[in-house]
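User: Here is a model to go through. I will ask what each label rests on.

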Amino acid sequence: MKKRFYLSLVILLVASMLLSACGGVQQNTGASGNVLTVRSDGEPPNLDSAISTDNISFNLLNAVMEGLMRLDKNNKPQPAMAESYTISPDKKTYTFKLRDAKWSDGKPVRAQDFEYAWKRALAPETASEYAYILYPILNAEKYNTGKAKAEDVGVKALDDKTLQVKLEAPSPYFLGLTSFATYYPQRKDIVEKYGKEYALEPNKMVYNGPFVLASWQHNESYTLKKNPNYWDKATVKLDGINFKIVKEVSSAINLYNTNNLDVVPRLSQEYVDAYKSKPDFKRVPEAVTSYLEFNMKKEKVLRNVKIRKAIQMGIDTNILANNITKDGKPATGFVPPTLQGGNGKLYREQAPAFVKFNKDEAKKLLAEGLKEEGLSQFPTMELLGDDTDVAKKALQYIKEQLRTNLGINVNIRSVPFKERLERSKNGNFQIVLSRWGADYDDAMTFLDLFVTNGGFNRGGYSNPKFDELIKKAKMNPDFNQRLQQMVEAEKILVQDDAGIAPLYWRDRLNLERPNVKGLVHHPFGADDDFKWVTLDK
Amino acid sequence: MGRYILQRSIYMIVTLWVIITFTFFLMHFMPGSPLQNEERIPPKLKETIMKEYGLDQPLPVQYVQFLGNLFQGDLGKSFQYNGRDVTELIFQGFPASAQVGIQAVIFGIVIGLTLGVIAALRRGSWADNLATVVAVLGVSVPSFLLAGILSFYVGVKLLWLPPAGWGTWQHTILPSLALSGLVIAQMSRYIRTEMLEVLGQDYMKTAKAKGLSRATVVFRHALRNALIPAVTILGPLTINIITGSLVIEQIFGIPGMAWLFVQSIQVNDYPAIMGVTIFYSVLIIVSIFVVDILYGIIDPRIRIAGAKE
């Protein structure tokens, strides 16, 4: 009995070793040769660029595909698939001249590939969640919502190398948008050949970017190789990139510390203290703002501008960003400093600080406000927020600040992200800790949230002057004047009306080995660009 | 016995149906929708997409459709991994999960058995005390904590084994060990108790009196008898390991099924939630069934009691 028992154990053990051998024994792919090893925080859900919605896919797609433009290290669009472009005087028609670029199967990249991809993303039956990113194009929204035909959409391949795009309105950020995943070209023959299977495996798609997807062990790893057909292959110095899928940050750090990874993007904030003094630690400013939103529809007391202003001024966001969440900078306005102003300069460089912490002023304003409302005390309210570690810390801090600086009592309610969205949408909150990230590289992606009855204007903020400025700015072909209108609008929203209380601008936290040079980071869209990476020996 | 198996099979199907129904309706009560980019989608576009997914139908209609597809063996396509069949996702992950699970059971049996035997033979000695400490730790320390400790000390500090990742057999050792804590604990305690009981039996004295060597007495006579009851706890333990692996897989970055289970719930990926739930339920229901049958085979008293019913 005993012998047989141990024998069967041995057999099972051998069997399980064989099982693991079937998975293909991998070499230790640390920083050897010209190959970069990067942590990925999950399996790429979807590599069909017309449908992708997530960071992981965007990041991978940005390495293996290329749009008309590619963003450089300053987030400025540089000619990529397009060699040159002309913009009509009314700034509503763009004509792109394509360069002689090839797909990974050797066929030329044609203007028709862009027209096809964009219209495919817009087609209602594609059900693309990011279709709206194409809405600046003439009639794109109408086609997407079934009110126009595909032919009406303002994108047309005039010939193999010329793409003409007509816009709904002059847009300073459209050129940058063409570097976004939804704007990548797609090959009709390949998409139709694989149908529902398209882009599910490395050999079921074609590439036109600096790298190609060489292998994909689902949920384990994916590897990229340099694309020999890429037009700018002389610039690409890496032979390849290995992505290892490691969800737990702590495990990724263990792998980093044992030389199994060169880059660990997206650390969680609890690692800041341990790593901030090391040369490996990088802060990448994102285009994300954390802010408080007040439910003015439901709570009469929050309709008082002095009371809102008191709350906005009564929170020391310096301590919040530097000592509590540790993953950002205190916000002096709603628009984060990474975004463009549309006139060639960063928005924040041209807009003053609209939020200032001032405890005494806040106290005074609250007293006045309460008097106007005929109240002796601010009623106890609920402060809604996410249930992540960092959000809970922030909520706790805000509660303390409001109590000590203003004598306001709030009860914290931490809920899962989707629940927070649901409650915000239904107006089921009093004060909520919200977060917004840019859709495109322009201050407008933040400011137009708060127009009257805007979809994300959860608290019911409304000011006709603000609405008017936003509306004018959106149609304005004079981009300097447009900037002034946006700054004026932000001043009304944040400083005059305290419609929201901006708290902090978030950073991404990365670990990168010091010998990794030329890794480019973007505040939104694809996090990283590997095209220019070199490895110092 | 045949009637018993038939009866149990019917119960199993009913149990499964109840689980499916509950999960189906509960998951639709979760806030949010399966849209990944939900926050930003214009309402019109959202409507279109929900229609594409078939989520515009009333819930009972969706339920009937789901059951209909299930009967044809179709679990549908995942929402988060557009285009991928849920079945495909499950079977992509299952081998890795199973490997770690099986190894954990093996490690647990080998280590637990050894500890248990030593503890029984050296009752009251430091070895016995050590085995007790290991057992208490095994029961009380959660596997994810053990996983973190092993990954850090063995993987990062000592550099003996990879701290995380997948690919070679070395990668599987730490996760299997982390998972096996409970099995080690239960097994060693069980074996110790049973061994002590058997060692006190009259036939052990007979064996010794016959002049058999100590090893023969212990292994052929004592352990063999002590083992039989211990085998019966393996069923429930295996189930424990299957469910315990959820966290372990995340920590060690194993391409198993755990991520699918956790993530599909986080993003309201309804077909994936149903698929994984059904898969786990079937696994657990069937293992309980097999264990019950095994009880009868190993211990005739149960079989007789069952027959009287």
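Analyst: First, a definition: two strands pair if DSSP finds at least two bridges between them. The model is predicted. In β7(A), A:Val165 is the bridge partner of A:Val155.

User: What makes β6(A) and β7(A) a pair?

Analyst: The rule asks for at least two bridges. β6(A) and β7(A) have 4, in the antiparallel sense. They therefore pair by the definition. A hairpin of 2 residues joins β6(A) to β7(A).

User: How do you know that β4(A) and β5(A) pair?

Analyst: Again, at least two bridges are needed. β4(A) and β5(A), residues 93-98, share 5 bridges, antiparallel. A:Ile87, for instance, has A:Tyr94 in β5(A) as its bridge partner.

User: What is the strand order of the open sheet in chain A?

Analyst: The order is β4-β5-β7-β6, with antiparallel pairing of the 4 strands.

User: Why are β4 and β6 of chain A at the edges?

Analyst: β4 (82-87) and β6 (155-159) of chain A each have a single partner strand, so one side of each lacks a neighbour in the sheet. On average, neighbouring strands are turned by 20° against each other, direction ignored.

User: What packs on this sheet?

Analyst: Helix α3 of chain A, residues 111-122, touches β5, β6 and β7 (162-166) of chain A. The direction of α3 makes about 165° with that of β6(A).

User: Now the interface. What makes B:Arg84 and A:Glu201 a salt bridge?

Analyst: The cut-off is 4 Å between a side-chain nitrogen of Lys or Arg and a carboxyl oxygen of Asp or Glu. The closest N and O atoms of B:Arg84 and A:Glu201 are 3.6 Å apart. That is within the limit, so the pair qualifies. The count between chain B and chain A is 1 salt bridge. The rule for polar contacts finds 7 residue pairs across the interface.

User: Which elements of chain B give two or more residues to the side that touches chain A?

Analyst: They are α2 (43-53), α4 (86-121), α6 (143-157), α9 (214-232), α10 (234-252) and α11 (258-266) of chain B. α4(B) gives the most, 9 residues. The residues of that side divide into 30 nonpolar, 21 polar and 9 charged.

User: How much area is buried between chain B and chain A?

Analyst: About 5000 Å², with 61% from carbon and sulfur atoms. In chain B, the residues that lose the most area to chain A are B:Glu39, B:Arg40 and B:Arg84, together 15% of what that side buries. By contact, 60 residues of chain B meet 61 residues of chain A.

Conventions:
Residues are numbered from 1 along each chain as its sequence is written. Chains are lettered from A and ligands numbered from 1 in the order in which they are written. This is a predicted model: local features need pLDDT of at least 70, side-chain atom pairs count only at pLDDT 80 or more; totals for chains, interfaces and linings use all residues. Side-chain values use heavy atoms; hydrogens and water are left out. Contact means heavy atoms within 4.5 Å. Buried area is the accessible area (1.4 Å probe) that two parts lose on being put together, summed over both. A polar contact is a pair of N or O atoms within 3.5 Å; within protein, one must be able to donate a hydrogen and the other to accept it, and residues adjacent in sequence count only if both atoms are side-chain atoms. Ala, Val, Leu, Ile, Met, Phe, Trp, Tyr, Cys and Pro count as nonpolar, Asp, Glu, Lys and Arg as charged, and the others, Gly among them, as polar. Axes are lines fitted to C-alpha atoms, for helices over the stretch in contact, and angles run from 0 to 180 degrees between N-to-C directions.
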